[in-house]
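Subject: Structure for your review, with notes

Dear colleague,

I am passing on the structure we spoke about, and below it you will find my notes. Please read them with the coordinates open beside you.

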2 protein chains.
Amino acid sequence: MKKESKENNFVETKYYNLPKDEFFSLESGVNLKELKIAYETYGKLNKSCNNAILICHPLTADAHVAGYHKADKKPGWWDNMIGPGKAFDTKKFFIICSNVIGGCKGSTGPNSFNPVTGKAYGLNFPVITIKDMVNAQEKLISFLGIKKLLSVCGGSMGGMQALQWSVSYPERIFSCIAIATTYKHSAQQIAFDEVGRQAIMADPAWNRGDYYRRKNPSAGLSVARMIGHITYMSYNSMEKKFGRILKKDDFGYGFSPDFEVEGYLKYRGDSFVKRFDANSYLYVTKAMDYFDLQKGEKLSNAFKNIKSKFLVIAFSSDWLYPTVQSKTIVKALKMNGIDVTFCEISSNYGHDAFLLESEEQTNLIKHFLKNIKK
Amino acid sequence: MKKESKENNFVETKYYNLPKDEFFSLESGVNLKELKIAYETYGKLNKSCNNAILICHPLTADAHVAGYHKADKKPGWWDNMIGPGKAFDTKKFFIICSNVIGGCKGSTGPNSFNPVTGKAYGLNFPVITIKDMVNAQEKLISFLGIKKLLSVCGGSMGGMQALQWSVSYPERIFSCIAIATTYKHSAQQIAFDEVGRQAIMADPAWNRGDYYRRKNPSAGLSVARMIGHITYMSYNSMEKKFGRILKKDDFGYGFSPDFEVEGYLKYRGDSFVKRFDANSYLYVTKAMDYFDLQKGEKLSNAFKNIKSKFLVIAFSSDWLYPTVQSKTIVKALKMNGIDVTFCEISSNYGHDAFLLESEEQTNLIKHFLKNIKK
């Protein structure tokens with residue numbers, strides 16, 4: 001039954017290109033002459049065009065949020081939440097997910113062809129921000145004929161984009177779902193990102209971003225990913241999953257992994273480099289670090305034009321995007337009289353919880369979406 | 001006044017060498033034919049030889065715990081705690097601190113001359129453990145004519161050594177002070193260490209540990225240190241010290257540090273590589289990861305032969321060595337009827353608090369040392 005459903009429901013990545021006579025203005029002031037956005041859709045857009053939901057992806061994910069590509073062994077990265085009868089019910093809603101600008105999964109980014117130089121951008125790619133990602137998504141949404149999204153939803157960096165949507169395009173969304181996210185990166189969040197970037201840039205193969213026809217800086221990128229993984233798990237989830245289990249019984253000469261947790265991190269780091277571009281990692285983490293809706297003022301000021309209803313979800317053991325950041329968002333929304341539902345889900349999974357705790361999130365989101373007035 | 005005191009009190013590092021006809025047995029079964037221990041002392045050993053206190057150093061510190069060397073601009077690493085009238089009052093006590101075996105500050109370690117090969121050990125240096133560090137210290141203590149230490153004290157990895165002393169040599173210490181430490185490394189603690197090691201080993205200059213006559217793996221070691229620094233601070237101390245302060249006002253092209261916290265981490269990483277050996281970082285972090293007094297049994301079993309009085313100190317914002325680990329130690333000691341004082345000091349400094357919160361620690365330690373029955 002499951003297999004049949006898989007075969008009947010292959011999804012494909014589609015591409016939107018900015019019309020040739022237009023350019024795309026970035027927050028930095030730079031104009032991009034070409035803009036391509038990779039995206040996927042699930043379900044059908046209704047005649048009123050008011051059942052569309054945009055899912056924004058976290059740091060290392062992409063447009064392939066659900067279902068199977070023909071060659072896939074595993075479904076998209078949030079398949080437990082998107083599909084018939086699921087939280088984002090594809091029998092009711094038209095779901096869109098696009099790869100962020102600056103990414104490396106089909107949207108314009110540092111590994112794209114630079115029409116000016118005739119080779120990949122590398123570090124000639126301009127600095128991008130969360131606002132730029134959202135502006136690119138707005139181009140796609142308009143192209144798809146959608147004036148107003150029923151909802152925009154994301155976890156982690158996806159949540160930043162969802163928040164930015166509510167601030168940049170208050171008239172274009174009915175609701176916003178911000179999960180395990182923040183309104184600005186803290187010093188600690190910047191610090192973890194920076195160490196990842198330093199690990200990449202310390203790799204001689206990085207070659208100041210100019211490596212596309214050579215060896216990739218995979219050693220550095222792998223270390224960056226390993227750092228990330230520790231921050232995505234909680235003290236307790238690591239303890240429960242690995243504890244002090246040894247891969248072998250004796251001392252590990254030569255510093256090969258001898259604890260299970262070491263082997264796991266190395267495996268995750270080495271897998272990651274096969275699917276992600278090191279320069280994208282630099283650009284996208286930097287976009288997160290620049291993200292700051294507060295800008296030294298009261299956060300409630302930034303939210304004063306918001307028109308959408310909100311659902312804010314945090315997770316008890318998420319120490320990378322701690323609950324206090326979500327609560328600050330909720331408070332600033334409430335101060336503007338915005339209709340906001342907040343829930344801290346009790347979970348041991350740390351930041352990864354937003355990808356894993358599907359049952360409680362499904363209940364919350366289903367109910368939330370049911371009650372949005374269009 | 002301060003300057004005069006500095007000039008009158010220069011300290012020097014001394015060296016103990018294992019007698020030529022002896023060898024030093026490691027926990028791994030390997031015998032070292034040579035063993036040198038760098039150490040410093042402060043104050044005077046009394047005639048009864050019962051006023052000696054051993055300070056055990058954390059990961060990247062060394063024997064120079066207090067006072068000034070002739071060329072020093074800054075005093076030893078715990079000078080706020082050791083000296084006349086301080087917590088460890090050198091008018092009353094004879095203080096000893098030695099560099100751990102496996103270290104790079106004068107004691108035998110991977111950068112030492114290997115008599116077998118005629119060049120530096122590198123990865124031919126055997127695996128070492130916290131127990132090996134303590135066994136080496138015991139040789140030094142015996143050489144100094146001390147049968148029983150008034151106290152053994154340490155923070156972080158120093159605390160592991162102090163605990164190991166109480167287990168390995170219950171008859172040789174009157175008391176033990178374990179600060180911001182654990183009885184075994186958790187999966188998360190192992191994970192952070194492992195990412196640091198991977199950063200070093202990802203540096204091509206590391207050359208499988210054989211770099212002593214070439215370029216050092218400073219890029220990798222710097223990244224390892226940066227990771228460490230994040231874990232030594234708390235979310236709040238980073239936020240207070242750096243927040244989102246920018247080094248410059250515009251976007252940071254080329255990914256040079258543009259937030260203050262990035263510049264700080266880079267500076268600390270780059271300073272560290274001038275004073276520390278990358279192979280030592282591998283060996284000493286691995287010794288911490290192997291540390292496990294519990295060994296799959298009840299921790300109270302490991303403590304059943306302990307005879308010393310205990311002071312256990314934790315810090316409220318220390319998430320690297322969280323209070324729960326100290327409480328587990330206290331509980332296991334109490335179950336053996338051991339006289340233990342426990343205090344969680346309220347601090348924003350994270351794990352670094354043991355180096356910074358001198359006032360409260362001084363009060364606790366002074367009182368504790370006053371009441372030890374010899």
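The notes below take up confidence, then the sheet of each chain, then the packing of helices and the contact between the chains.

Please keep in mind throughout that this is a predicted model. Its scores are ipTM 0.94 and pTM 0.95, and in chain A the mean pLDDT is 95, with 96% of the residues reaching 70 or more.

The sheets

In chain A, eight strands make up an open sheet with mixed pairing, and their order is S1-S4-S8-S5-S11-S12-S13-S14. The edges are held by strand S1 (14-17) and strand S14 (340-345) of chain A, each of which has a single partner strand, so one side of each is left without a neighbour in the sheet. On average, and with direction ignored, neighbouring strands of this sheet are turned by 20° against each other. Within the sheet, strand S5 (residues 52-56) of chain A pairs with strand S11 (residues 151-155) of chain A in the parallel sense, over four bridges, and Leu54(A) is the residue that stands opposite Val152(A) in S11(A). Helix H2 (residues 130-143) of chain A packs on this sheet, where it touches S1, strand S4 (36-42), S5 and strand S8 (94-98) of chain A, and the direction of the helix makes about 55° with that of S4(A).

For chain B, an open sheet of eight strands has the order S1-S4-S8-S5-S11-S12-S13-S14, again with mixed pairing. Strand S1 (14-17) and strand S14 (340-345) of chain B stand at its edges with a single partner strand each, so each has one side without a neighbour in the sheet. The twist from one strand to the next averages 20°. Helix H12 (residues 358-370) of chain B lies across strand S11 (151-155), strand S12 (175-179), S13 and S14 of chain B, and runs at about 175° to S13(B).

A helix pair within chain A

The axes of H5(A) and H7(A) come within 8 Å and cross at roughly 125°, and these two helices are therefore oblique to each other, in a crossing that is right-handed. From H5(A), the residues that take part are Ser218(A), Leu221(A), Ser222(A), Val223(A), Arg225(A), Met226(A) and His229(A), and they meet Leu265(A), Arg268(A), Gly269(A), Asp270(A), Phe272(A) and Val273(A) in H7(A). By class, the residues of this contact divide into six nonpolar, four polar and three charged.

The contact between the chains

The contact takes 44 residues from chain A and 44 residues from chain B. On the side of chain A that touches chain B, the elements giving two or more residues are helix H4 (187-202), helix H5 (218-232), helix H6 (235-241), helix H7 (260-275) and helix H8 (278-290) of chain A. The largest share of that side, twelve residues, comes from H4(A), and by class the side has 26 nonpolar, seven polar and eleven charged residues.

In one, the axes of H4(A) and helix H5 (residues 218-232) of chain B come within 10 Å and cross at roughly 170°, which makes H4(A) roughly antiparallel to H5(B). Here Gln188(A), Ala191(A), Phe192(A), Val195(A), Gln198(A), Ala199(A) and Ala202(A) in H4(A) meet Ala219(B), Gly220(B), Val223(B), Met226(B), Ile227(B) and Ile230(B) in H5(B). This contact has ten nonpolar, three polar and no charged residues.

In the other, H7(A) packs with helix H4 (residues 187-201) of chain B at an angle of about 50°, the axes being 9 Å apart; that makes H7(A) oblique to H4(B), and H7(A) passes H4(B) in a right-handed crossing. The contact is made by Val261(A), Glu262(A), Leu265(A) and Lys266(A) of H7(A), together with Ala187(B), Ile190(B), Ala191(B), Glu194(B), Val195(B) and Gln198(B) of H4(B). By class, there are six nonpolar, one polar and three charged residues in the contact of H7(A) with H4(B).

With best regards

Note on methods: Residues are numbered from 1 along each chain as its sequence is written. Chains are lettered from A and ligands numbered from 1 in the order in which they are written. This is a predicted model: local features need pLDDT of at least 70, side-chain atom pairs count only at pLDDT 80 or more; totals for chains, interfaces and linings use all residues. Two residues are in contact if their C-beta atoms, placed from the backbone, lie within 7 Å. Ala, Val, Leu, Ile, Met, Phe, Trp, Tyr, Cys and Pro count as nonpolar, Asp, Glu, Lys and Arg as charged, and the others, Gly among them, as polar. pLDDT is the predictor's confidence in each residue, from 0 to 100. Two strands pair if DSSP finds at least two bridges between them. Axes are lines fitted to C-alpha atoms, for helices over the stretch in contact, and angles run from 0 to 180 degrees between N-to-C directions. Angles under 35 degrees count as roughly parallel, over 145 as roughly antiparallel, 65 to 115 as roughly perpendicular and the rest as oblique. A crossing is left-handed if the near helix is turned anticlockwise from the far one by less than a right angle, and right-handed if clockwise.
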